[in-house]
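Please examine the sequence and the structure shown below before reading on.

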Amino acid sequence: VAPPLRLCTDNAAMIAWAGIERLRLGLTDALGSAPRPRWPLDPQAPRLEEDARERSLYALSMALDLAEAWQTARDLTLAIAPHMEIQGYRQEWIDFLAKALAQATAQQDTRAVARLYVYLGRIHQLLTQFAEAESCFQEGLSRAEMIGDQATQVAALDRLAIRAVEQADYPAACALAERVLVMTSAGGLTPVPAAARTPATLLLSGPAGGVRAAAAYAVAAGFP
């Protein structure tokens, strides 16, 4: 079942139409239902049993206390961080991220510190702890800028821009967005890391690309 084609170009319209169809069928939900960002499409997908999951997290917690286990513990923490967020872990995961952050700082692992601050900020944001979230994003951005970690810079700037929009501070949001996105010659926008990886895509089409190509051909033909 799909909404009418004219409504299929906008997510909000499609969601609203789905709500209409459910209401017509008498399907309603209590307003007290907890939101689940990034809800998995398959609720039957295999998951760790609670006991196994708790044992795994306990082992990770122990590893984060050991300096000699840092690299393995770091990689595991960063790998599962998005999944823990999706699964609804909040305060208990903050404790893990804080422990990992302390170890990363002790190990002078600036890249990990930057990424952990951004993950920590995301959890604070989901808990509506906006001051703590903004502070984490700023810290993550600062560390990422120190080492030129563009991907983490973009992630932090994106979250800060979203927060600025939520506060109706549109000039600040625009200024942050301009640091994240680069305009292509076709008039579209692309993230800074993507532009850095494939700069040629910035001039593949559009007026700017045409001018650059014409100038190159002119020089090759002997014109000044």
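**Helices α2 and α4**

The crossing of α2 and α4 is left-handed (the near helix is turned anticlockwise from the far one by less than a right angle). Helices here are DSSP runs of H or I with at least four residues, numbered from the N terminus. The two helices pack at an angle of about 25°, and their axes lie 9 Å apart; axes are lines fitted to C-alpha atoms over the stretch in contact, and angles run from 0 to 180 degrees between N-to-C directions. Therefore α2 and α4 are roughly parallel to each other (angles under 35 degrees; over 145 counts as roughly antiparallel).

On the α2 side, Leu57, Leu60, Ser61 and Leu64 make the contact, and on the α4 side Trp93, Phe96, Lys99, Ala100 and Gln103 (heavy atoms within 4.5 Å).

**Helices α7 and α8**

Helix α7 (residues 150-166) packs against helix α8 (residues 170-180) at an angle of about 165°, with 8 Å between their axes. These two helices are therefore roughly antiparallel. Their crossing is left-handed. Residues that meet here include Val154, Leu157 and Leu160 in α7 and Tyr170, Ala172 and Leu176 in α8.

**Basis of the model**

The model is predicted: local features need pLDDT of at least 70, side-chain atom pairs count only at pLDDT 80 or more, and totals for chains, interfaces and linings use all residues. Residues are numbered from 1 along each chain as its sequence is written, and side-chain values use heavy atoms, leaving out hydrogens and water.

Note on methods. Angles under 35 degrees count as roughly parallel, over 145 as roughly antiparallel, 65 to 115 as roughly perpendicular and the rest as oblique.
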